[in-house]
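Please look over the chain shown below before reading on.

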Amino acid sequence: MASNRIGRINEEIQRELSALLRTVKDPRLHGGLLTITHVDTASDLRTAKVFISALDKSRERDMMKGLKSAAGYLRRELGAALQLRYTPELVFIADDSIEKGAHVLEMLRDPTVVKPANPANEHIVLDEEE
């Protein structure tokens, strides 16, 4: 039962933070696309790990510094938006799972890397290969 509640809280924090990121005035956060991929809140609601993916990997370090400096503002605004006893302390972590997933998909589409599971099906031509 408690894990379901934590799951709902994680979703709410992710939704609220996504909206709040647009209001942050730190110049390090503007001009790049940030995505909150996942939120993991501790069971005591004291801390929340916020996993962030940046589209521009060259600016990711500066963006993480900007998020760290804006953490107090984001926590205060989050506390006003959510009705929780404790507003969790936000810990931002760089997440490269989207990049890894894209790499795996690229490898799966490469016929030199992935061979057909059944050699009898090698004669089948997919629509994309025509």
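In what kind of interaction do the side chains of R15 and E16 meet? They meet in a salt bridge, at 3.4 Å from N to O, where a salt bridge is a side-chain nitrogen of Lys or Arg within 4 Å of a carboxyl oxygen of Asp or Glu.

## Basis of the report

This is a predicted model, in which local features need pLDDT of at least 70 and side-chain atom pairs count only at pLDDT 80 or more, while totals for chains, interfaces and linings use all residues. Residues are numbered from 1 along each chain as its sequence is written, and side-chain values use heavy atoms, with hydrogens and water left out.

## Salt bridges

The structure holds 5 salt bridges. E12 and R15 both lie in helix α1 (residues 2–20), 3 residues apart, or about one turn of the helix.

E16 is buried, with a relative accessible area of 17%, whereas R15 is partly exposed at 48% and E12 is partly exposed at 31%; buried means under 20% relative accessible area, exposed over 50%, and partly exposed in between (1.4 Å probe, protein chains only). Another salt bridge joins K100 and D96 at 3.9 Å, N to O; K100 counts as exposed at 53% relative accessibility, and D96 as partly exposed at 37%.

## Fold and strand pairing

The secondary structure comes to 4 helices and 3 strands, in the order α-β-β-α-α-β-α along the sequence; helices (H or I, at least four residues) and strands (E, at least two) are DSSP runs, numbered from the N terminus.

Strand β1 (residues 34–41) pairs with β2 in the antiparallel sense over 7 bridges, pairing being assigned if DSSP finds at least two bridges between two strands. L34 stands opposite A54 in β2, and the hairpin formed by β1 and β2 has 5 residues between the strands, with L45 in the turn showing a positive phi of about 60 degrees. On pairing with strand β3 (residues 89–94), β2 runs in the parallel sense over 6 bridges, and I52 stands opposite A94 in β3.

## Buried and exposed faces

In strand β2 (residues 47–54), 6 of the 8 residues are buried, so the strand is largely enclosed by the rest of the structure.

Helix α3 (residues 71–81) has A71, L74 and L78 as its buried residues. Seen down the axis of α3, these fall within an arc of 65 degrees, so they line one face of the helix, the arc being that of the directions from the helix axis to the C-beta atoms. The face turned away from the buried side of α3 carries the exposed residues R76 and A80.
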